[in-house]
Amino acid sequence: MSDHFEKVKGYLTELGFEVASEDEAEEIIIINDESQGIKNLIIDCEHPILVLEQFIFELKKEDSEILKRLLQMNREMVHGSFVLEETGKHVLFRDTLQLENLDLNELEGSIKSLTLALAEFSDDLINFAKS
């Protein structure tokens, strides 16, 4: 277990998040705060970066209009972006931060970007998940 893992875990506690689960060997922390739309947000200390990923919805069919709108939403996000995982079937929120000089404000900003995007684009995201 690295110092980075403990530092990130400490920041999450300081920010008021409850750790839903963790894997010290893999240096992965999962947090939830459903009041903010956070459900199984994976925080992975992949030295030299911190990776944040949350599943948003399953893309049931390739739809260029949905993909176009996701790219437009990305332009408005402060941190992170909506991405497709390897199979192209799942839309995730993803952000990466440098571990070496990570601070509390930076981690908080990344998580708040997710919660803001979920609130701001909720209608679109719900409709995409249904189609």
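Me: Is Glu-27 buried or exposed?

Reply: The model is predicted. Residues under 20% relative accessible area are classed as buried. Glu-27 has a relative accessible area of 14%, so Glu-27 is buried. Its place is in the loop between β1 (18-23) and β2.

Me: Where is Asn-40 found, and what phi does Asn-40 have?

Reply: Asn-40 belongs to strand β3. Asn-40 is not a glycine, yet it has a positive phi of about 60°. With a relative accessibility of 38%, Asn-40 counts as partly exposed.

Me: Which residue in β4 does Ile-43 stand opposite?

Reply: Ile-43 faces Leu-52 in β4. Strand β4 (residues 49-58) runs antiparallel to β3, and five bridges join them. β3 and β4 also form a hairpin, here with two residues between them.

Me: What is the peptide bond from His-47 to Pro-48, cis or trans?

Reply: Most peptide bonds are trans. The bond from His-47 to Pro-48 is cis, and its omega is near 15°. Pro-48 lies in the loop between β3 and β4.

Me: How many salt bridges does the count come to?

Reply: Side chains of opposite charge can pair when their charged atoms come close. A side-chain nitrogen of Lys or Arg must be within 4 Å of a carboxyl oxygen of Asp or Glu. By this rule there are four salt bridges. One of them joins Lys-9 and Glu-22, with the closest N and O atoms 3.0 Å apart. Lys-9 is in helix α1 and Glu-22 in strand β1, so this pair ties together parts that are 13 residues apart in sequence. Glu-22 counts as partly exposed, at 33% relative accessibility.

Me: Which residue forms a salt bridge with Glu-53?

Reply: Arg-94 does, and the closest N and O atoms of the pair are 2.5 Å apart. Arg-94 lies in strand β6 (residues 90-98) and Glu-53 in strand β4, so the pair ties together parts that are 41 residues apart in sequence. Arg-94 counts as partly exposed at 30% relative accessibility, and Glu-53 likewise counts as partly exposed, at 22%.

Me: What is the distance between the closest N and O atoms of Lys-39 and Glu-34?

Reply: These atoms are 3.4 Å apart, and the two residues form a salt bridge. Lys-39 is partly exposed at 43% relative accessibility, whereas Glu-34 is exposed at 57%.

Me: Which residues form the negative surface patch?

Reply: A charged patch is built from like charges joined within 9 Å, on residues with no salt bridge. In this model, Asp-3, Glu-6, Asp-23, Glu-24, Glu-26 and Glu-46 form a negative surface patch. Asp-3 is found in helix α1 (residues 3-14), and its relative accessibility of 69% makes it exposed.

Note on methods. Residues numbered from 1 in each chain as written. Predicted model: local features only at pLDDT ≥ 70, side-chain atom pairs only at ≥ 80, totals over all residues. Heavy atoms only, no water. Patch = residues over 30% accessible without salt bridge, like charges linked within 9 Å, V, L, I, M, F, W, Y side chains within 5 Å. Areas by Shrake-Rupley, 256 points an atom, 1.4 Å probe, with all protein chains shown as cover. Lys, Arg positive; Asp, Glu negative; His and termini not counted. Charge placed at Lys NZ, Arg CZ, Asp CG, Glu CD. Helix = DSSP H or I, 4+ residues; strand = E, 2+ residues; numbered from the N terminus. Buried < 20%, exposed > 50% of the residue type's maximum accessible area, 1.4 Å probe, protein only. Pairing = 2+ DSSP bridges.
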